[in-house]
Amino acid sequence: MGDRLVQKNQELSILNRIAAALNREVDLHQALHVALGNIVDLFNLDTGWIFLLDEDTEKFYTAATIGLPPALADHPRRMGGTCYCIDAYVDGEMEGAANIAAITCSRLKDLKAGTEGLRYHASIALNTQDKQLGILNVASTDWREISAAELRLLHTIGDLMSIAIERARLFQRSTELGATQERNRIARELHDTIAQGL
């Protein structure tokens, strides 16, 4: 009972820290970078990256990375395009969080040098309701799979990140709308001023 209570307190502490990091930032990319750093630190992992689905192009892009091994960091093209995780996500086959072995990960398959021992990564779906937003990936270089308890907690963190992504996008849209309205108001005033002058 005592160990379970300690574990639950630790999980709540992690969730609180991630939520605080996400709530401090209104800039989407800064929020994702800060949250990713916290996740890697709190779970004692080595690396992480986030793929987001661009709302306009409907293509995935790398939105944030931290601690990528040289085989990925020094070769950005390896982070582009599709992969096993993205394909599974798009096909609706990624529920919650799952460990992905390097043997099935097209980004790591056949790589030996520069992976710093990276052999597994966990992929966490980022969704709101029925809308796909992206994928959170985290990894350790000690050849271990992420535990079931960690995956459950990462799934909850994924839900927090999804809400933060939607909030940041809504904030961006409202800022753009406000700027457009202000430009239109100034244009009307200029037009009225010129018309009165004539």
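What is the volume of the largest pocket? Here are some notes to read beside the model.

1. **Ground rules.** This is a predicted model, in which local features need pLDDT of at least 70 and side-chain atom pairs count only at pLDDT 80 or more, while totals for chains, interfaces and linings use all residues. Residues are numbered from 1 along each chain as its sequence is written, and side-chain values use heavy atoms, with hydrogens and water left out.

2. **The largest pocket.** Its volume is about 310 Å³. Of its 15 lining residues, Leu28, His29, Glu55, Arg169 and Gln172 are the closest to the centre. By class, the lining has six nonpolar, two polar and seven charged residues. A word on terms: a pocket is an open set of points on a 1 Å grid over the protein atoms alone, where a 1.4 Å probe fits, with protein on both sides within 12 Å along at least five of seven lines; lining residues have an atom within 4 Å of a point. Grid points are joined across faces, edges and corners, and the volume is the space filled by probe spheres set on them. Ala, Val, Leu, Ile, Met, Phe, Trp, Tyr, Cys and Pro count as nonpolar, Asp, Glu, Lys and Arg as charged, and the others, Gly among them, as polar.

3. **The second largest pocket.** This one holds about 160 Å³ of space. Its lining includes Gln7, Glu11, Phe43 and Leu153. Helix H1 (2-24) and H5 each give two or more residues, and the largest share, four residues, comes from H1. The lining has five nonpolar, three polar and two charged residues.

4. **Overall layout.** The chain has five helices and five strands, in the order α-α-β-β-α-α-β-β-β-α along the sequence. Helices (H or I, at least four residues) and strands (E, at least two) are DSSP runs, numbered from the N terminus. Of the 198 residues, 39% are buried; buried means under 20% relative accessible area, with a 1.4 Å probe and protein chains only.

5. Strands E1 (residues 47-53) and E2 (residues 60-66) run antiparallel and are joined by six bridges; two strands pair if DSSP finds at least two bridges between them. Phe51 has Thr62 in E2 as its bridge partner. Six residues lie between the strands of this hairpin, and Glu58 in the turn has a positive phi of about 60°.

6. **The cores.** The largest nonpolar core has 32 residues, and those touching the most other members include Leu32, Ile39, Ile50 and Met161. H5 gives the most to this core, with eight residues. A nonpolar core is a set of buried Ala, Val, Leu, Ile, Met, Phe, Trp, Tyr and Cys residues joined through side-chain atoms within 4.5 Å. Leaving aside neighbours within four places in sequence, Met161 is in contact with Leu22, Leu32, Ala35, Ile39, Ile50, Leu126 and Leu136; contact means heavy atoms within 4.5 Å. Another core, of 12 residues, lies apart, with Leu68, Met94, Ala125 and Ile135 among them.

7. **Asn38.** This residue is found in helix H2. Is Asn38 buried or exposed? Asn38 counts as buried because its relative accessible area is 11%. Not counting residues up to four places away in sequence, Asn38 touches Arg17, Ile18 and Ala21.

Key. Buried means under 20% relative accessible area, exposed over 50%, partly exposed in between (1.4 Å probe, protein chains only).
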